[in-house]
Amino acid sequence: MRFMIIVKSCPEFEAEVTPEAPEELMAEMAAYHAELARAGVLLDGSGLHPSRTGWRIHYNASGSTVVDGPFAEAKELIAGYTLIQVRSREEAMEWSRRFPNPAGRGKEAVIELRQLIELDEFPPSDALQQMKALDGLARA
């Protein structure tokens, strides 16, 4: 089972000009991710630049349009993620409870966990077989 630990953004993260984090927080994050790696459950993890450097593609009946950032409502944005592979929802919960506060000790912050949909959850089809072949290439 793969889970994404999603670090929700905040106004401070969105205001950053360059990636910054107190040394203590970087050390906590490094130690936590090293522990995930030693346990064999870490797949990936990274922070994201503020939304002003990104864009969204909006789709509708007449096609799609590009909308450049920044985007309002920082609390609805993602500031980073950690991707883990574990045996159960309970194991994912254990790891998530140990995630360091991404804003720093004593500050308000939110992380969200979401389970990834695995290709085996979809009904069989030719398109699914194509996706599985691509998934195998991506993980190689």
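Contact, as the word is used here, means heavy atoms within 4.5 Å. The structure is a predicted model, in which local features need pLDDT of at least 70 and side-chain atom pairs count only at pLDDT 80 or more, whereas totals for chains, interfaces and linings use all residues. Residues are numbered from 1 along each chain as its sequence is written, and side-chain values use heavy atoms, with hydrogens and water left out.

**Overall make-up**

- The protein has four helices and six strands, where helices (H or I, at least four residues) and strands (E, at least two) are DSSP runs numbered from the N terminus.
- Along the sequence these elements follow the pattern β-α-α-β-β-β-β-α-β-α, and the C-alpha trace spans about 50 × 45 × 25 Å along its principal axes.
- Of the 140 residues, 28% count as buried, a term that stands for under 20% relative accessible area, with exposed meaning over 50% and partly exposed in between (1.4 Å probe, protein chains only).
- Among contacts between residues at least 6 apart in sequence, 73% join residues at least 24 apart.

**The sheet and the helix on it**

- Four strands make up an open sheet in the order 2-5-1-6 with antiparallel pairing, two strands being paired if DSSP finds at least two bridges between them.
- Strand 2 (42–47) and strand 6 (111–115) are at the edges, and because each has a single partner strand, one side of each is left without a neighbour in the sheet.
- Neighbouring strands of this sheet are turned by 15° against each other on average, direction ignored; axes are lines fitted to C-alpha atoms, for helices over the stretch in contact, and angles run from 0 to 180 degrees between N-to-C directions.
- Strand 2 pairs with strand 5 (residues 78–85) in the antiparallel sense over five bridges, and G47 stands opposite G80 in strand 5.
- Helix 3 (residues 89–97) packs on the sheet and touches strand 1 (2–8), strand 5 and strand 6, its direction making about 160° with that of strand 6.

**Two buried residues**

- S51 is placed in the loop between strand 2 and strand 3 (55–60), and with a relative accessible area of 9% S51 is buried.
- When its neighbours within four places in sequence are left aside, S51 is in contact with E14, G69, P70, F71 and L77.
- K8, which lies in strand 1, counts as buried at 16% relative accessibility.
- Not counting residues up to four places away in sequence, K8 touches F13, K75, E76, L77, A79, V110 and E112.
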